[in-house]
Amino acid sequence: MEFILYLLLILLFTKLAGELSVRLGQPAVLGKLIVGILLGPAVLGWVQDGEFIHYMSEIGVLLLMFIAGLETDLDQLRKNWKSAFAVAVGGIILPFAGGFAIGEWFGFAYHNALFLGVILSATSVSISVQVLKEMNRLNTPEGSTILGAAVVDDILVVVLLAVLMSFFGTGDDISISLLIGKKLLFFAVAVLAGWLVVPRVMRWLAPLRVTEATITAALVILFGYAYFAEMMGMAGIIGAFAAGIAIAQTSFKHVVESKVEPIAYSLFVPVFFVSIGLSVSFEGLASQLGFMVVLSLVAILAKLLGGGIGARLTGFNTRSSLVIGTGMISRGEVALIIAATGLESGLLLPQYFTGVIIAVIITTLVTPPLLKSVFREEAVRNSP
């Protein structure tokens, strides 16, 4: 029954830390992320990572991105697709170059330096989504651009990773054309299903005379999209986001939204936030301090500048470009997964694994306060 104790600690302390964070003028998510570090092996050791935490957090991030999809203005997303693409490309080029340069500086082999660039290229906007949602900015042009850029970023980074592993990895050869073809197939099926299948499934399942049939139907669609995305080599969160957009086009949007948020925010999402902090370990950190500091600084600045330049070149003003670049900083669970993949395949040196994980956590921790800060400055500038 140890997992019951874990849930008790996670739910109690994330809510208390979130409240304290808000009282200090920061987004609630910042306190929840810090709780993960405090409760985990790095400090108190009260909560240990494991299969239970992993599966609960996976559901949490899927629900978080599903809610983001439900609340996304599709017209706004279409309007900003060029900016989203430019932000994603800019947010990959600079971090990739920065990661490679750091690898060369610290004496990495060529392929290890390239892989470090891939890790820094990743983006996870699940944390930014939560901050944008807290501030009612999810449907602004900046919010829509961040969400669109995350989708493009996921595709490009997975292709980059596949190319690198096909040349230098220890696994089987990877067909790049097949990889890209599967991603195109995902989007084609996701759009067609959203147009033809999702409305029919909702109309068929929602009237069933069983408890909570509507929300169950929505969750079936969510998990179906997420599973199909993983099958096609995409991140499950992209599938969850697409499922949210699909259901948002039906008459069931508001019912689903009102039902899914209590499920997500009362149980699964807090576990997701804490799970990120559980990855932190301070063992052997002193020997990697210089590497970790340089990597963290480059990771933050390269995404900020790369995404910001992409936004600026496609019509956003300087302040909005800064908001978008800041929203792309967090590497979150996506970079953690890539780092673990690199460790298994020999593309990431074991002695640098801890430093990389700490740098990823730092990018995730700094995103909420930075994002709130730039939005606050924007509000001050726009006030009469």
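**Why these labels?**

Me: Why does Trp 105 count as exposed?
Reply: Exposed means over 50% relative accessible area, buried under 20%, partly exposed in between (1.4 Å probe, protein chains only). Trp 105 has 63% relative accessibility, so Trp 105 is exposed. This is a predicted model: local features need pLDDT of at least 70, side-chain atom pairs pLDDT 80 or more, while totals for chains, interfaces and linings use all residues. Residues are numbered from 1 along each chain as its sequence is written, and side-chain values use heavy atoms, without hydrogens and water.

Me: Why is Phe 106 called partly exposed?
Reply: Phe 106 has a relative accessible area of 28%.

Me: What makes Trp 105 and Phe 106 a tilted aromatic pair?
Reply: Rings of Phe, Tyr and Trp (its six-membered ring) pair if their centres lie within 6.5 Å; planes under 30 degrees apart are stacked, over 60 edge-to-face, the rest tilted. Here the centres are 5.4 Å apart, with 55 degrees between the planes. So the rings pair, and the pair is tilted.

Me: Which aromatic cluster holds Trp 105 and Phe 106?
Reply: Their cluster also includes Phe 108, Phe 291 and Tyr 352.
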